[in-house]
Amino acid sequence: VKRVLAFQLAQAMEAQGITKVTMAKMLKTSRSQLDRVLDPTNESVTLGLLARAAQVVGRTIRLELN
């Protein structure tokens, strides 16, 4: 799941021309924290930060248990 989220966030940032520095400022976080969000193997990122990042690029996160 994290791999897909990281990929989709990076794609949305690229499509909108948002740099990592700008994205970090919009999230009110550090560039290194944003790097952890965009790292598909790093699972230590909170769901709250992922949701905020999605919101910045005009997306939402939907989780389901089936």
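**A closer look at the salt bridges**

Modeller: Happy to! Let us start with Asp35, which is partly exposed, with a relative accessible area of 30%. Please keep in mind that this is a predicted model. Side chains of opposite charge can pair when their charged atoms come close.

One partner of Asp35 is Lys20: their side chains meet in a salt bridge, with 3.3 Å from N to O. This pair links distant parts of the chain, since Asp35 lies in helix α3 and Lys20 in helix α2 (residues 20-27), 15 residues apart. Lys20 is partly exposed too, at a relative accessible area of 34%.

Asp35 also forms a salt bridge with Arg31, and here the closest N and O atoms are 3.6 Å apart. Where do Asp35 and Arg31 sit relative to each other in helix α3? They are four residues apart, so about one helical turn separates them. Arg31 has a relative accessible area of 40%, which makes this residue partly exposed.

Now for the remaining pair. The side chains of Glu64 and Arg62 meet in a salt bridge at 3.5 Å, N to O. Are these two buried or exposed? Glu64 counts as exposed because its relative accessibility is 52%, and Arg62 counts as exposed at 69%. Going back to where we began, salt bridges that share partners join Lys20, Arg31 and Asp35 into one network.

Two packed helices are described by the angle between their axes and the distance between the axes. Helix α1 (residues 2-16) and helix α3 (residues 31-38) pack at an angle of about 120°, and their axes are 8 Å apart. That angle makes α1 oblique to α3. On the α1 side, the contact is made by Lys2, Ala6, Leu9, Ala10 and Met13. On the α3 side, Leu34, Arg36, Val37 and Leu38 make the contact. Sorted by class, the contact of α1 with α3 has seven nonpolar residues, no polar ones and two charged ones.

Methods:
Residues are numbered from 1 along each chain as its sequence is written. This is a predicted model: local features need pLDDT of at least 70, side-chain atom pairs count only at pLDDT 80 or more; totals for chains, interfaces and linings use all residues. Side-chain values use heavy atoms; hydrogens and water are left out. Axes are lines fitted to C-alpha atoms, for helices over the stretch in contact, and angles run from 0 to 180 degrees between N-to-C directions. Helices (H or I, at least four residues) and strands (E, at least two) are DSSP runs, numbered from the N terminus. Angles under 35 degrees count as roughly parallel, over 145 as roughly antiparallel, 65 to 115 as roughly perpendicular and the rest as oblique. Contact means heavy atoms within 4.5 Å. Ala, Val, Leu, Ile, Met, Phe, Trp, Tyr, Cys and Pro count as nonpolar, Asp, Glu, Lys and Arg as charged, and the others, Gly among them, as polar. A salt bridge is a side-chain nitrogen of Lys or Arg within 4 Å of a carboxyl oxygen of Asp or Glu. Buried means under 20% relative accessible area, exposed over 50%, partly exposed in between (1.4 Å probe, protein chains only).
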